[in-house]
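Here are my comments on the model. Please read them with the structure open.

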Amino acid sequence: MSAPRDANSPLRVEDKRLLTGKAKFADDLHLDRMVHAVFVRSPHGHAEILGIDPGPALAAGALAVLTAKDLPFIGKTLISRFFHPSMRTVLPKLLATDRVRFVGEAVALVIAEDRYAAEDLAALVEVEYRELPALGSAEAALAPAAVQLHPEWPGNVAATFRHDVGEAEAAMAKAVHRVKRSFNFGRQTALPLETRGCVADFDSERQSLSIWISTQTHYNVRNNLAFLLDMPEYNVRVVCEDVGGGFGGKSRPYAEEVVVSHASRVLGRPVKWIEDRFESLQAMTHSRAIAWEVEFGCDAEGRLVALKGRMVADIGAYTFTSGIVTAEVASGQCAGPYKIPNIGIEVLCVGTNKTPLATYRGAGQPEAALPLECMLDLLAKEVGISAAEIRLRNIVAPADMPYAQIIPYGGPKCRFESGDFPEMVRRAADRSGYHERPETLPTGESTAWGLACGIESTGFIGFESAKVRIDVFGNVTVWSGMTSQGQGQATTYAQVCAEALGVPFEKVTVRMGDTQLMAFGRGAFASRGAVVGANAVAGAAGQLKDKVLALAGTLLQCPAETLDVRQGQIHRKNGEATPITLASIAQAVMPMGPLYSGQASLEQELIFDTEQTLTFALSVHAAKVAIDRRTGFYRVMDYYVMHDAGRMLNPVIVEGQIVGGVVDGLGCATLSEIEYDAQGQLLTGTLADYLVITAPEVPRIRLDHMETRPTTNALGVRGVGEGGVIPAPPAIVNALARAIDPAGIGHETPLFHVPVNPEAVLAACRKAAKGVAA
Amino acid sequence: MKPEAFEMVRPTAIGEVLELLARHGGAAKIIAGGQSLVPMMNLRIASPGILIDINRVADLSGIRRDADRVRIGTLTRQREVLASDIVARDLPLLALAATHIGHVQTRARGTVGGSLAHADPSAELALVMVTLGADLILRSHAGERVVPARDFFQDALVTVLEPEELLAEISIPVAAPGTRVAFKEYARRHGDFAIASAAVQRAPSGALLAGIGGVGSVPHFCRKLNESRSMEALAPVVAEEIAAIDAMTDRQASADYRRTLGEAALTDCLREVLA
């Protein structure tokens, strides 16, 4: 069932380095005279800072202790690139000044000769706090007498807005079937294997900064450093060639790299800061944490007529540098791939004493899919049709395309322009095992399949840069403004370039993750590596090929249209080889060469953009679960994914992305949750508490590809980074609800808190046994 | 996540260990496999001034048969328990339970004595020793005392071990040939500490030994589950034993839920050995 391994698609060229420990992550860098930094962080959820005494730490040998008053730029804040008109932006200070608002907020930076000493000395920095009442949940924050986090956030509301399409109220009143439920997508974190970290090296003679950092967005980091440290951008070099995973957690600049860079400037020595796991769980942004109250209405045949709801995002203590993007995406995607004519959604972004909210794989889309996909199952039961059938009756069909998105959050021109969604649902239902009846195993476990769809908006945020150059030996180098956290761009970009230019794959080298390479770039996030990054490479290589052919035509005294490039050599279109190669053309254009025309090399740069910034990709997931009804313990027995990646540049890489996404999604659905108590104390500060899925919990995952080519980009690719995650939680919840009671509804309400723990499953089993209606 | 500075001493004989314990008492901590202690030190939850590393004390390691007991040295690795023919033959419950301890990496370093002295409420080894009625041999400069495992654990992470004492050896009564055993635990992930677990051993005579782990702060020995009867006859006894446990509530599970899991685990184990 899996796609055939394409004999022509190469193995990942980056794997040897990555798998043999030869990659260079931030912590692998050791510079002469380098010193080590540790942040002093708030142990309180909410407190006033009465005083900070670095004296004991300095007396004990700290090379420096930086606090807010040591930062000349403390009045400035990080540049926030994402704006929503309703947002009341309150960014954190680069180091806390008078108040801390979440456990882990940075208060001071301690520098010492080694990491051990730095941790000992950090413990000696005396910070006097006066604890304040804290907000441990969005409900507490919205209570009438709640303590106020910021004067800018009246009632602790950081943003509120509505989406209104049609007449939701009136349409709901006329609906034949109506179901109302609450959902809670728990707080989670991206948890890259490599935590954040950097090595900053400020050269005081040149007044320039080099920083090696674990980030997904190096140009954004450069922009912030230049702005905050008051340096010309060209004097700031940001390098992130190897990054050990990001998953959205590193897709924005942070205060830490700014303070560490300043420390290097103050000390005149390179400074290394590597976030430890304890710190990472506290201080790297969190995500999800979105609760819904929704009502769905449909007609007698199960056609959706209205959706009403209220979405509350628990955004933590500040609006961070990605604003309220997950709330925007989650509310914008509330209809997913379905036609819902009337929608009324109220959105609230509420401040609490928690780590600021930002993106994590899916970035709002899993949060949207959970209520939508679970409610479809309930309505199907009410109408008396199957879960597959209700989806088929509502999903956007080829005849509806191009179909303008109901809520155009990704820009005014976003539409589903191609694809066969109904066929994908049908195939998923037919091929997964979904039609098997729920049954009881000899072990006593109840089993059933659950189904869910997810629409992934890929290539969010337009523009990406690429440059392709041919050297005098015919070697080809691709520079890209992208970054890689392991997604395989060094392979796929080389493939794309080789194909567009007509050279062997082995001749192409890909470089990225260094701001010295290109003037502009964005980075890897939002499934944009293929949709935006690879198209930039293909476009640049294509234009370079045109240039090469024009030059070859001059050399061969024939029209360029009669020529082609094959294996790096110019051929006539009739197949006849010519003596001209890319190497000889590259030599010819050099200064003193016969074709020299003022440019010193054979190269082409391109900034890719597209009229429609999003390329949509549908995924349909089916999960089979088995439940021990006495305890609520359950396991995922089997898993099936139907996916449309458009053209697969490298099927093995596509499959890796999807399988990795599903594993991540299963962890989100079943295990991982960041928890705080009412005082804003973090309860899940280690990986013994924040549970991450491991190999033994992962079932067999079967992949099934459909290929329809989108019209939004020349390569015909769709992004694949998030489709593995988005439908996984509702697929699991729907399977659990169906296994517990295949026909009835009402028992499933405890399952609507993700991750679903066994105690909640037991509660649902007991409700079903009692026949309790919702 | 770096520990505070500490001194480390590496004795090679038991006498030396006991002398060091007598001298440093509460300031010192024994380190063997380090699978619990080192993470606690890295998080600075534990900051012992002196670590007494017993890894070079050969006498503290090994598994041997001694009349109707099996004696296991405190430094014996959990992996060695799994690999031992003596354990497989004479202590089938321990052999079965050991497969549930942590992961292959932690079993390679983690020791039998280290797990018992750490006294995690969910630890498999603690449950097995309480269920089987093992004796723990505690040694100090002043001499030796033998404490039944059922009296050793006082609370979560608290035992009767005095600061100057070393848990030196564990002595376990062997199972008769034909003994049937069962072990079950409920954990969120493979290798995690269990939320609840149960261990049952049925002698050919029909005599039962049963214990429940994870539900209370120390392993619970089910005194009333002492002889084989029908499941129907045992069900109320199981309920009584479960009700007798002062169950813990934490983030992972409520007290009620722990009891539910403990009851399911124990019931399954009994059904298995009685079948």
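1. Ground rules. This is a predicted model, in which local features need pLDDT of at least 70, side-chain atom pairs count only at pLDDT 80 or more, and totals for chains, interfaces and linings use all residues. Residues are numbered from 1 along each chain as its sequence is written, chains are lettered from A and ligands numbered from 1 in the order in which they are written, and side-chain values use heavy atoms, with hydrogens and water left out.

2. Helix α16(A). Helices are DSSP runs of H or I with at least four residues, strands are runs of E with at least two, and both are numbered from the N terminus. Helix α16 of chain A covers residues 651–670. Its expected span is 1.5 Å times one less than its number of residues. For the 20 residues of α16(A) that gives 28 Å, and the end C-alpha atoms are 28 Å apart, so the two agree. Most of α16(A) is covered: 15 of its 20 residues are buried. Buried means under 20% relative accessible area, exposed means over 50%, and partly exposed lies in between (1.4 Å probe, protein chains only).

3. α16(A) against α17(A). Two packed helices are described by the angle between their axes and the distance between the axes. Here the partner is helix α17 of chain A, residues 728–740. The axes come within 8 Å and cross at roughly 55 degrees. That makes α16(A) oblique to α17(A). Axes are lines fitted to C-alpha atoms, for helices over the stretch in contact, and angles run from 0 to 180 degrees between N-to-C directions. Under 35 degrees counts as roughly parallel, over 145 as roughly antiparallel, 65 to 115 as roughly perpendicular, and the rest as oblique.

4. The residues of that contact. From α16(A) come G665(A), L666(A), A669(A) and T670(A); from α17(A) come A728(A), P729(A) and I732(A). Contact means heavy atoms within 4.5 Å. By class there are 5 nonpolar, 2 polar and no charged residues. Ala, Val, Leu, Ile, Met, Phe, Trp, Tyr, Cys and Pro count as nonpolar, Asp, Glu, Lys and Arg as charged, and the others, Gly among them, as polar.

5. α10(A) against α11(A). Helix α10 of chain A (residues 365–383) packs on α11(A) at an angle of about 110 degrees, with the axes 8 Å apart. The two are therefore roughly perpendicular to each other. E373(A), L376(A), D377(A), L379(A) and A380(A) of α10(A) meet A387(A), I390(A) and R391(A) of α11(A). This contact has 5 nonpolar, no polar and 3 charged residues.

6. Helix α14(A). Its 28 residues, 529–556, should span 40 Å; the end C-alpha atoms are 38 Å apart, which agrees. Just after α14(A), Q557(A) has a positive phi of about 55 degrees.

7. Cis peptide bonds. The bond from M401(A) to P402(A) is cis, with omega near 0 degrees. P402(A) sits in the loop between α11 (387–394) and β16 (403–404) of chain A. V754(A) and P755(A) are also joined by a cis bond, with omega about 5 degrees. P755(A) is in the loop between β30 (753–754) and α18 (758–770) of chain A.

8. F463(A) has phi near 70 degrees. It lies in the loop between β19 (446–458) and β20 (464–470) of chain A. At 37% relative accessibility, F463(A) is partly exposed. M592(A) has phi near 80 degrees. Its loop runs between α15 (582–589) and β26 (602–608) of chain A. At 86% relative accessibility, M592(A) is exposed.

9. G197(A). This residue is in strand β9 (residues 197–203) of chain A. G197(A) is buried, at 4% relative accessible area. Leaving aside neighbours within four places in sequence, its contacts include W212(A), I213(A), W273(A) and I274(A).

10. G33(B). Its place is the loop between β2 (28–31) and α2 (37–42) of chain B. G33(B) is buried, at 11% relative accessibility. Beyond its neighbours within four places in sequence, G33(B) is in contact with R77(B), R109(B), G110(B) and T111(B).
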